[in-house]
Amino acid sequence: MHRLSLPLMIGLLSSVGLGAQLQAGQSAAAQTPRQAAPIDITGNWVSVITEEWRWRMVTPPKGDFTSIPLSPAGKEASDRWEPSMDGSCRAYGAGGLMRMPTRLRIAWDGDVALRVDADAGQQTRRLSFDAVPAGTAPSLQGVSIAAWEPLGGQPNMRNGQRAGPAPAGGTLKVVTTNLQEGWMRRNGAAYSASASILEYWDTMRFPNGDVWLVVTQVISDPRYLLNDYTTSMHFKREADGSKWRPSSCRPA
C-alpha cells in the first residue's frame, strides 16, 4: 500500500476543500434572483394605515407639509399645488405611491425582475435585479434596481472571523432613480427629478398566520429637501385578489 506524505495529504485535502468551496460558490452564482429569494413578497397585499392617517387617507389642505423637511425651493414648488390638481398622477409616483391607501399585486416578471401593481392610480413598478439600459427616459416610477441582502446586514465578525452563523432570511433592497418630479403627498408636497429613493422590503409572520410586508423608504433630494425623508409603510397579505379595485389617476 502506497503511503502519502503528510504535506501531500494536506495539499490534497486543501485542494478538495477549495474545489468544494468553488463549486458551492459557482452553484450560488448560477441561481437566478428568483431562485435565490430569501423571502417571498409575491401575492396580494392591502395597506394598513395606522400612521399619519390624516395625510394619507384624505388629501391634506394646501400648504400642510407637516414633518416633511422641504427646502425653500421645495416649499416654493409645493405651494404651486391647487385643490383642482387633486387626483393627478404626480401623487402616484415612486415617492408617494407606497403611502397611498392601496392594494398591491406582486409577481415575478421572469426570473430577474419583480412586478408591483397598485390599484391606486393603476400604477406599475418594476424592480429589476439587472442593470437597466442607458438612455431610459425618466418616468413617475423611475428605474428601480433591486438586490437581496442578508438579514441584519453585515455578519457579526470577531477578529476577522464570523462570530456565529449567518442569520436566516433576508431583505430586498431597492434603489430608484431616473424619476420625474412627483409628490410625497396628494397636496403637492414635491420631490424633484434629482431625487433618489432607497427602500428595504421585509416580511413578518405572526403566530396567528398573518403575514405583513413592511416597506421602509428614504427619499433623498438635494433640491427640494433639507435632509432625508424617512417613512415606513405596512401591508397585510390577502388570500386572493378578489378585492382588487383599480382606479385611475389624471395624467400629470
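Some ground rules before the points. This is a predicted model, where local features need pLDDT of at least 70 and side-chain atom pairs count only at pLDDT 80 or more, while totals for chains, interfaces and linings use all residues. Residues are numbered from 1 along each chain as its sequence is written, and side-chain values use heavy atoms, with hydrogens and water left out.

1. **The disulfide.** Cys89 and Cys249 are the partners, with S to S at 1.9 Å (a disulfide here is a pair of cysteine sulfur atoms within 2.5 Å). The link of Cys89 and Cys249 is right-handed, with 95° about the S-S bond. Cys89 sits in the loop between α3 (72-78) and β2 (103-108) and Cys249 in the segment after β15 (247-248), so the pair ties together parts 160 residues apart in sequence. Helices (H or I, at least four residues) and strands (E, at least two) are DSSP runs, numbered from the N terminus. Cys89 is buried at 10% relative accessible area, and Cys249 is buried at 12%. For the record, buried means under 20% relative accessible area, exposed over 50%, and partly exposed in between (1.4 Å probe, protein chains only).

2. **Salt bridges across the chain.** The structure holds 12 salt bridges, counted when a side-chain nitrogen of Lys or Arg is within 4 Å of a carboxyl oxygen of Asp or Glu. One of them pairs Glu199 with Arg125, the closest N and O atoms being 2.9 Å apart. That pair links distant parts of the chain, with Glu199 in strand β12 (residues 196-205) and Arg125 in strand β5 (residues 123-128), 74 residues apart. Both Glu199 and Arg125 are buried.

3. Arg34 forms a salt bridge with Asp111, and here the closest N and O atoms are 3.8 Å apart. Arg34 is in the loop between α1 (6-30) and β1 (43-47) and Asp111 in the loop between β2 and β3 (113-118), so the pair ties together parts 77 residues apart in sequence. Arg34 counts as partly exposed at 43% relative accessibility, and so does Asp111 at 37%.

4. **Asp79 and Lys75.** These two form a salt bridge with the closest N and O atoms 2.8 Å apart. Asp79 is partly exposed at 29% relative accessibility, as is Lys75 at 38%.

5. On a 1 Å grid over the protein atoms alone, a cavity is a set of points where a 1.4 Å probe fits but cannot get out, and lining residues have an atom within 4 Å of a point. Grid points are joined across faces, edges and corners, and a volume is the space filled by probe spheres set on the points. The largest cavity holds about 90 Å³. Its lining includes Glu52, Trp55, Arg99, Met100 and Arg185. Glu52, Arg99 and Arg185 are also linked in a network of salt bridges.

6. **A nonpolar patch.** Trp53, Met57 and Val58 make a nonpolar surface patch of about 290 Å². Such patches use residues with over 30% relative accessible area and no salt bridge, nonpolar side chains (Val, Leu, Ile, Met, Phe, Trp, Tyr) being joined within 5 Å. Areas come from the Shrake-Rupley method with a 1.4 Å probe. Trp53 has its place in helix α2 (residues 53-56).

Notes
Patches are made of residues with over 30% relative accessible area and no salt bridge: like charges are joined within 9 Å, nonpolar side chains (Val, Leu, Ile, Met, Phe, Trp, Tyr) within 5 Å. On a 1 Å grid over the protein atoms alone, a cavity is a set of points where a 1.4 Å probe fits but cannot get out, and a pocket is an open set with protein on both sides within 12 Å along at least five of seven lines; lining residues have an atom within 4 Å of a point.
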